[in-house]
Amino acid sequence: MSDESGVGASVGAPGEGDGGVAPAVRVQNLVVGFGPQNDTDPVLNGVSFEVAPGECLALVGESGSGKSVTARSLLGLAGDNAWVRADELSLAGSDVRGLSEQSWRRRRGRDVGLVLQDALVSLDPLRPVGREIADSLRLHTRLGAAARHARVLEVLARVGLSDAGNSVRKRAGELSGGQRQRALIAAAIALDPPLLIADEPTTALDVTVQAQILELLTGLKLAGTGILLISHDLAVVGRIADRIAVLSEGRIVEQGPAHAILTRPEHPVTRQMLAAIPVDKPRGLRLSPRAAAPVSPAAAPFLALSDRADPVAPRNTVLEATGLVKRFTRPDGTEQLAVDGVSFRLERGTTLGIVGESGSGKTTTARLALALTRPDAGEVRVLGQPFSAASEKERRLLRPRLGAVYQDALSSFDPRLSVEQVLRDAVGGGRTGRGAASASATTAATAATAATASAADRLRVLALLDAVGLPQGLLGRRPLSLSGGQRQRVSIARALASGPQILICDEPVSSLDVTVQAQVLDLLDELQRNLGLSLLFISHDLGVIQHVSDQVAVMLDGRIVETGATARVFAAPEHPYTQTLLGAVPRIGF
Amino acid sequence: MLVLWMVATLTFFAIRLIPGDPAEAILGGPGSQTSPEALAAVRAEYGLDQPVLVQYLAQLARLATGDLGRSYSLDQDVAPLLVGQLGGTLLLAVLALAVAWLLALGLATWSTRGGRVAWYLGSGLEIVAAALPHFWLATALIVLFSVWLGWLPPISTSGVSGLVLPVLTLAVPLAGFLGQIMRESLLTALESPFVLSARARGESERGVRWVHVIRHASLPAISLSGWAFGSLISGAVVVETIFARPGLGRTLLNAVTVRDVPVVVGAVLIVAVGYILMTLFTDLAQRIADPRLRAR
């Protein structure tokens, strides 16, 4: 077919004055702001870098540091209310400052491609991926429909999407996470742009898939594409970046060869980011600089209430699951074994880490442990007493012993409640049960005792805030106006409100930046030591699991395939799946 | 089927609650001087001397065989009478729905891209339009277009010009509702990552809207259209009366006034069937617009 025509358009004018190939992108003193032009506090303040063809520059920083704004500015998509100034801003050797919208459109997709984080929402969920990929060709070439289709198949093969003929007709939702991320990359490289901007391209992916996508990007790099990789995770970029630029508060604080940045970081921000990576850090080692407010001894009695008053004889196993089975019926009527014979024991004061990729049954296991889902077979016992087999009424007596922390803290709060209301609710519910509390307030108790109870609640709320290292000033705020790390702290405080002995954490740090993740992990560790908590910690991230767990269980397809002491499993994995997982973990090591 | 049975039953008993004697209505209304013998003859002929329950069962049996009965007041079979009126009302409702969609889409699109003024103007217009009652709007339109401007006839004539005002009367309030919903989903879609991806591919603003956003924006409005169609039919009662336009709505209103039970039950049944068909149709349309529903 005549598919050479028009594709792989010329890379633009050769570099002027550089005496060689033009850089894929070159930025000098980029300043971007939202608001008045003479803004003294722009989002980006003098950023300079360049990416040569066949080179990967990683732009690393925490959320809010200006990474994504940089990416969008390079595409002329900073936004309607943004202003962009630069001494130089050139793509493929030609100046793009002050381009008209129409000229920008001709360049986007041709001179620069963009890959975003979550392909499920970054590809139009209503259209087949083939159409999305063909769009670039439709917009920039004169290829006919048949030639476009042939080219789409070619690109899909290039990104390693198996069964390209079938995949073109599928929508993002019908593909697996790795497949759709490949399709998204295919859409960005359909015209073979000299620069590919990848904004957190692997953040939502499982480790093994992440490793594959990084490999794909490396392949593109070796084939001559310049890659600007944007990430918050130094361990991830360490795998493919040639150079690293560390962005903090709109400025590049450190830039240099990847090896030098990772092994001899100079700027404190870089050091802090490196220290935050949990992989290969022994348990108990702090990942973040010491917090201002550790749990004050005064707060401890408030928090460990139920432990003191515990009528149950002390036992070493606080949570025990035996032979848990849970089946779900798929929409097409077939049955799926989400959890298939899972047994584990959580010992007092220790952490059991459950690790597995998406779909392995981790979350269902957590829900079974909390008795939010009824098992089809097997039993959960809490503090030696029947839990899953008990009636909900009996269970409610044990519920205060269990706390739960979820991944998406924001959606686990009622958005209209303030932080104080969220915590007061939890405190009240933990003490007496909500029905009893309101009944006693209205009938039996006098106003005075109600006021005392209210004052005691307030003290406890303050103690909880203190315990999770949040200032009292946040009490009146609503969850939406909190940062991700603060929200997760509030949800930990809420989990602690009933004075639990067991904390079940389902992906508690997965949506957080590495540095914030480090703070939350340190907080959990500190709370565990001070309050004697036992943790069931569920995560897809082996690095996190390795850092926090005493015992670890690896899940695959609803089964625990390997379990044992963390050090043993990580040093000498027995099951082939564990070995694969460990091989895929991004580490910094040369 | 269950829905149709419930509709027939409710209608049958509801119309019994209106005070007055149906036999009198048959013989020319409450004002007319009728002899007791004539009344008795009519009662016997229409089965009105039977207990209510027997009447009800007899009617159900007739309905089950597809016989809608005979009109008390018009002395015609109900089925052909209503079918004759159905076309006009359907045309009115379908046109109104189409016009409402166009207006809503236009307004939503304009208000999301025309800057701040267009935004406030658009959302303001939507709220006002959604709040307009049919009878007021109809009067206002007649005053504006027929009395002042003289462009269009104040009562519905057979030509196209006679359709414009009734259709507008029905379409404008509906467009207000649909527009509010569409603008909401339009905004969500415009801010989604796949739109950023499309723009980064070099897609134009128009392309972004036509290829991607419009489909997402339509989804909730499509599911609402089934309900909207029902409300259009009930709106037709008012509109057909005001514009003196023949149709199901006006026939229904007349029949209720003279307690013509078979016509009322028949008309309501036909509307119910239409509503059910429309709901099925919107379900289908949704599946076409949103392929994710097909997989389930």
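## Chain A overall

Chain A holds 23 helices and 21 strands, taken as DSSP runs numbered from the N terminus (H or I of at least four residues for helices, E of at least two for strands). This is a predicted model, in which local features need pLDDT of at least 70, side-chain atom pairs count only at pLDDT 80 or more, and totals for chains, interfaces and linings use all residues. Residues are numbered from 1 along each chain as its sequence is written, while chains are lettered from A and ligands numbered from 1 in the order in which they are written.

Of the 590 residues in chain A, 49% are buried (20 or more other C-beta atoms within 10 Å of the residue's own, with C-beta atoms placed from the backbone).

## Helix α8 of chain A

Now for a helix to look at on screen. Helix α8(A), residues 207–222, reaches 22 Å from its first C-alpha to its last. Its buried residues include A:Val209, A:Ile213, A:Leu216, A:Leu217 and A:Leu220. Among the elements covering the buried residues are β3 (56–60), α7 (177–189) and α23 (576–584) of chain A. After α8(A) comes A:Gly224, with a positive phi near 115°.

## A helix pair in chain B

In chain B, helix α7 (134–148) packs on helix α8 (161–190) at about 135°, their axes 9 Å apart (axes are lines fitted to C-alpha atoms over the stretch in contact, and angles run from 0 to 180 degrees between N-to-C directions). Residues making the contact include B:Leu137 and B:Phe145 of α7(B), and B:Leu168 and B:Pro173 of α8(B) (contact: C-beta atoms, placed from the backbone, within 7 Å).

Technical notes
Buried ≥ 20, exposed ≤ 12 C-beta atoms within 10 Å, placed from the backbone. Expected span 1.5 Å × (residues − 1). Contact = placed C-beta atoms within 7 Å.
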